[in-house]
Amino acid sequence: AVAIVGFGTFGQFLGKAFKKRGHTVYATSRTDYSVAAQDMGIIFCKTEEELLEHTFDAILFCTSILSFESVLKRFPTDRLKGKLVVDV
């Protein structure tokens with residue numbers, strides 16, 4: 001399974017690509033993209049905490065360069081242990 005943080009245009013593009021290849025995809029974003037995610041067969045989580053309740057192997061941060069650091073700080077590092085963390 002793959003988690004995506006930042007489900008704007010690029011996050012949705014990656015989500016569709018992973019879903020198409022048979023992966024379970026979870027996503028979260030500042031904006032509520034729950035309808036778009038549902039249409040793609042992606043599970044949308046309204047908060048980071050809700051996202052972290054799921055089991056996934058990789059987490060992709062699809063945020064702007066300016067917000068990446070502040071977004072990453074909201075994720076407890078112990079909850080990311082053993083996961084592939086990618087900034088795209």
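1. A friendly reminder to begin with: this is a predicted model. I started at K46, which is exposed at a relative accessible area of 54%. Its side chain meets that of D32 in a salt bridge, with 3.0 Å from N to O. D32 is partly exposed, at 46%.

2. In total the structure holds three salt bridges. Another one joins the side chains of R74 and E48, at 2.7 Å from N to O. This pair links distant parts of the chain, 26 residues apart: R74 sits in the loop between α4 and α5 (77-80), and E48 in helix α3.

3. K73 is exposed at 63% relative accessible area, and E69 is exposed at 53%.

4. Please look at the largest pocket too, which holds about 300 Å³ of space. Its lining counts 19 residues, with G6, S29, R30, T63 and V71 nearest the centre. Helix α4 (residues 65-73) gives the largest share of that lining, three residues. By class, the lining has ten polar, five nonpolar and four charged residues.

5. Lastly, F10, F13 and V88 make a nonpolar surface patch of about 300 Å². Of these, F13 lies in helix α1 (residues 9-20) and is exposed, with a relative accessible area of 53%.

Notes. Residues are numbered from 1 along each chain as its sequence is written. This is a predicted model: local features need pLDDT of at least 70, side-chain atom pairs count only at pLDDT 80 or more; totals for chains, interfaces and linings use all residues. Side-chain values use heavy atoms; hydrogens and water are left out. Patches are made of residues with over 30% relative accessible area and no salt bridge: like charges are joined within 9 Å, nonpolar side chains (Val, Leu, Ile, Met, Phe, Trp, Tyr) within 5 Å. Accessible areas come from the Shrake-Rupley method with a 1.4 Å probe; for residues, only the protein chains shown count as cover. A salt bridge is a side-chain nitrogen of Lys or Arg within 4 Å of a carboxyl oxygen of Asp or Glu. Helices (H or I, at least four residues) and strands (E, at least two) are DSSP runs, numbered from the N terminus. Buried means under 20% relative accessible area, exposed over 50%, partly exposed in between (1.4 Å probe, protein chains only). On a 1 Å grid over the protein atoms alone, a cavity is a set of points where a 1.4 Å probe fits but cannot get out, and a pocket is an open set with protein on both sides within 12 Å along at least five of seven lines; lining residues have an atom within 4 Å of a point. Grid points are joined across faces, edges and corners, and a volume is the space filled by probe spheres set on the points. Ala, Val, Leu, Ile, Met, Phe, Trp, Tyr, Cys and Pro count as nonpolar, Asp, Glu, Lys and Arg as charged, and the others, Gly among them, as polar.
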